[in-house]
Amino acid sequence: MKTSPTVVQTVADRLQSAIGVDPRGLDAKRLVWIIRSRCRHLNLPEPSAYAAYLDETPAEIDELIDEAVVRETRFFRDPVVFDHIRQTVVRLAAAVSGPLRILSAPCGTGEEAYSLAATVQLAGVPAERFSIDAYDISPSALEIARRAVYPERTLHHLSAELQQACAQLKGNHWSIHQTLVERIQFERRNLAQPGALGDGPYHLILCRNLFIYLTPGARAALAQSLSTSLLPGGRLFLGTADRVEELNALFSPVRPAASFAFVHRPAGVPVELRPPGSAPVRSTLRGVRNGRSEIAAAPNDRASRNSEADATGMEAATDLLKRALEHRQRGELAKAERRCRQALYLAPNLLPALELLQSLWSEHPNLRLRRALRDRVLRNRLRWQPAAEPASWKESP
């Protein structure tokens, strides 16, 4: 069954229109597989018939979205982030008199939302003093989340303390504690739509690894929704690759977690228009063949061409970083390191790429290289000029 590029582009455009996903971030091979799978399921003769069916059947876009969304998640992904969340919750609970309102979006199949609930309880906050809203676009992912039952392997990487805080092992499955299930409200939301988070405000929001897949328009809408929904003094937690220009205009990073924790940007603080962590790149991307970029040097004495190279190089570097993160999530660490180094070739000061490489090199045998990379990360963090930790927390009126 042959799938023409025109059909693939048509389906990608429909996904962009429906959920704001950037077609350039979609895996073309996976999209072809999805189209063929839907053809078999619907008994359609060829992919072009599926493109017509997609236009004629409004309900089919939901099925397509369900197949296309990325569901890479796990319990307590990135422990450093959850350690910081735990510390943040302790401060919030001491400063806020009423219940804490928390958001997990996108929540996927629920692992992150339940990890949040367990973290809040481990911070000493009683169940009646917090609630969590969890939003996602995928109906099947939300069905799994509401079921609150997971295979035994999904928690095997956690300590006994975290396992016991989350769930009880029954046979070969983990059943999430009912006290956690009752604190979470799962709901389908399209986060790329303006005002998608209208039910706020929230004291803490976890929104990781979504911005890297969205178009500029969808990123702007989501950034504005997050800004509106986050209470003054609240915390926004992002993925390390999510720091895009649209977010940088509204939020400032917070020490010592400047790579993933953010607060509202104070009034009067200048906004850097170029994506943070970037630097002039004296190269242009001519094309990509078999995953390898063809690079040509740009003349140093032509400012206009250098400016074009900066933008093109950053765009390519961001795409490579996105692939590196996907490789790491699948456990393909060698591929993740290679993509990360390619991103840094194009954008040597791209902080998320530096931090990802640092995590990949945590067990690198060469101590000198690890120290040099650590110093490079620290220097680039200073360029961000992150906001200092607030001296006190104040409950919003």
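Helix 13 and helix 14 cross in a left-handed way; a crossing is left-handed if the near helix is turned anticlockwise from the far one by less than a right angle, and right-handed if clockwise. This is a predicted model: local features need pLDDT of at least 70, side-chain atom pairs count only at pLDDT 80 or more, and totals for chains, interfaces and linings use all residues. Residues are numbered from 1 along each chain as its sequence is written, and side-chain values use heavy atoms, with hydrogens and water left out.

**The helix pair**

- Helix 13 covers residues 333-346 and helix 14 covers residues 351-360. Helices (H or I, at least four residues) and strands (E, at least two) are DSSP runs, numbered from the N terminus.
- Their axes come within 9 Å and cross at roughly 150 degrees. Axes are lines fitted to C-alpha atoms, for helices over the stretch in contact, and angles run from 0 to 180 degrees between N-to-C directions.
- The two helices are therefore roughly antiparallel (under 35 degrees counts as roughly parallel, over 145 as roughly antiparallel, 65 to 115 as roughly perpendicular, the rest as oblique).
- Residues in contact (heavy atoms within 4.5 Å) include Leu 333, Cys 340 and Leu 344 of helix 13, and Ala 353, Leu 357 and Leu 360 of helix 14.
- By class, this contact has ten nonpolar, no polar and two charged residues. Ala, Val, Leu, Ile, Met, Phe, Trp, Tyr, Cys and Pro count as nonpolar, Asp, Glu, Lys and Arg as charged, and the others, Gly among them, as polar.

- Seven strands form an open sheet with mixed pairing, in the order 6-2-1-7-8-10-9. Two strands pair if DSSP finds at least two bridges between them.
- Strand 6 (184-188) and strand 9 stand at the edges, each with a single partner strand, so one side of each has no neighbour in the sheet.
- The twist averages 25 degrees from one strand to the next.
- Strand 8 (residues 230-238) runs antiparallel to strand 10 (residues 261-264), joined by two bridges. Phe 237 has Ala 261 as its bridge partner.
- Three bridges link strand 9 (residues 251-253) to strand 10, again antiparallel. Here Ser 252 faces Val 263.
- Helix 7 (residues 139-147) lies across strand 2 (130-136) and strand 6, at about 165 degrees to strand 6.

**Strands 3, 4 and 5**

- Strand 3 (residues 149-151) and strand 5 (residues 173-176) run antiparallel, with three bridges. Pro 151 is opposite His 173.
- Strand 4 (residues 167-170) is also antiparallel to strand 5, with four bridges. Gln 168 is opposite Ser 175.
- Strands 4 and 5 make a hairpin with two residues between them. In the turn, Gly 171 has a positive phi of about 70 degrees.
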